[in-house]
Amino acid sequence: MNYLMRFRLLLVCLCLAAVVACGGGSGGGGEGANQPAGSHKLVLVDFKFQPKTVSVGAGKVTFFLVNDGPSAHDMVIADSSGKSVARSTLVQPSNTETFAVTLAAGSYVFYCDLPGHRAAGMEGTLTVS
Ligand SMILES: [Cu+2]
């Protein structure tokens, strides 16, 4: 394990600790939730992801999904063969969701799997290296 991976793991642990520490606090989640440190922000609107080209390091990856459109959306990650490897929960309009997934190096696509959304343009490419 190299230094960068150790650093990323440390960040993830710190994030988890912060989430636990805030557990009994003033609500959390939903609109206005803060982006976790080290996470990759993706904005979901009707009908696209912003950005639609994303590069991350291999290992545990945390996406911070922000639904800025009028419809609910989710995020599915599929490998180069088209096989789904992860799916976020449904993100309601004006809500945010933290979506953590462990990914090996490779080329992936991501998309919203609600009916018609991907066809309307709600997809992107994810490079893990
Ligand atoms: Cu969608």
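Among contacts in the protein between residues at least 6 apart in sequence, what percentage join residues at least 24 apart? The figure is 60%, where a contact means heavy atoms within 4.5 Å.

Before going on, some ground rules. This is a predicted model, in which local features need pLDDT of at least 70, side-chain atom pairs count only at pLDDT 80 or more, and totals for chains, interfaces and linings use all residues. Residues are numbered from 1 along each chain as its sequence is written, and side-chain values use heavy atoms, with hydrogens and water left out.

Now the overall layout. The protein has one helix and nine strands, and along the sequence they follow the pattern α-β-β-β-β-β-β-β-β-β. Helices (H or I, at least four residues) and strands (E, at least two) are DSSP runs, numbered from the N terminus. Of the 129 residues, 33% count as buried. Buried means under 20% relative accessible area, exposed means over 50%, and partly exposed lies in between, with a 1.4 Å probe and protein chains only. The accessible surface comes to about 7,300 Å², and 57% of that belongs to carbon and sulfur atoms. These areas come from the Shrake-Rupley method with a 1.4 Å probe; for residues, only the protein chains shown count as cover.

Next, the sheets. Two strands pair if DSSP finds at least two bridges between them. Val 43 has Gln 50 in β2 as its bridge partner.

Another open sheet has five strands in the order β3-β9-β8-β5-β6, again with mixed pairing. Here the edges are β3 (53-56) and β6 (84-87), each with a single partner strand, so one side of each is left without a neighbour in the sheet. The twist averages 25° from one strand to the next.

Look at β8 (residues 106-111) in that sheet. Three bridges join β8 to β5 (residues 76-78), and the two strands run antiparallel; Val 76 is partnered there with Tyr 111. Strand β8 also pairs with β9 (residues 123-128) over six bridges, in the antiparallel sense. Across that pairing, Gly 106 stands opposite Val 128, and Tyr 108 has Leu 126 as its bridge partner.

Leu 126 is worth a stop. Is Leu 126 buried or exposed? Leu 126 is buried, with a relative accessible area of 0%. Leu 126 and Tyr 108 are 18 residues apart in sequence, and their C-alpha atoms are 4.9 Å apart in space. Leaving aside neighbours within four places in sequence, the contacts of Leu 126 include Val 54, Phe 63, Ile 77, Leu 103 and Phe 110.

Two of those names come back among the aromatic rings. A pair of aromatic rings is described by the distance of the centres and the angle of the planes. Rings of Phe, Tyr and Trp (its six-membered ring) pair if their centres lie within 6.5 Å; planes under 30 degrees apart count as stacked, over 60 as edge-to-face and the rest as tilted. The count by this rule is two aromatic pairs. Phe 49 and Phe 110 are edge-to-face, at 5.0 Å centre to centre with 90° between the planes. Phe 49 is in strand β2 (residues 48-50) and Phe 110 in β8, 61 residues apart. Both are buried: Phe 49 has a relative accessible area of 2% and Phe 110 one of 0%. Phe 63 and Phe 99 have ring centres 6.2 Å apart and planes at 35°, so that pair is tilted. Phe 63 lies in β4 and Phe 99 in β7 (residues 96-103), so the pair ties together parts 36 residues apart in sequence. Phe 63 and Phe 99 are buried too.

Last, the metal. Which residues coordinate the copper ion? They are His 73 (ND1), Cys 112 (SG) and His 117 (ND1), at 1.9 to 2.1 Å. Donors are N, O and S atoms within 2.8 Å of the metal (3.2 Å for Na, K and Ca); water is not among the atoms, so sites may look incomplete. The donor residues are spaced H-x38-C-x4-H in sequence. His 73 lies in the loop between β4 (59-67) and β5, and His 117 in the loop between β8 and β9, so the pair ties together parts that are 44 residues apart in sequence. His 73 is buried, with a relative accessible area of 0%, and His 117 is buried at 10%.

Key. Axes fitted to C-alpha atoms, helices over the stretch in contact; angles between N-to-C directions.
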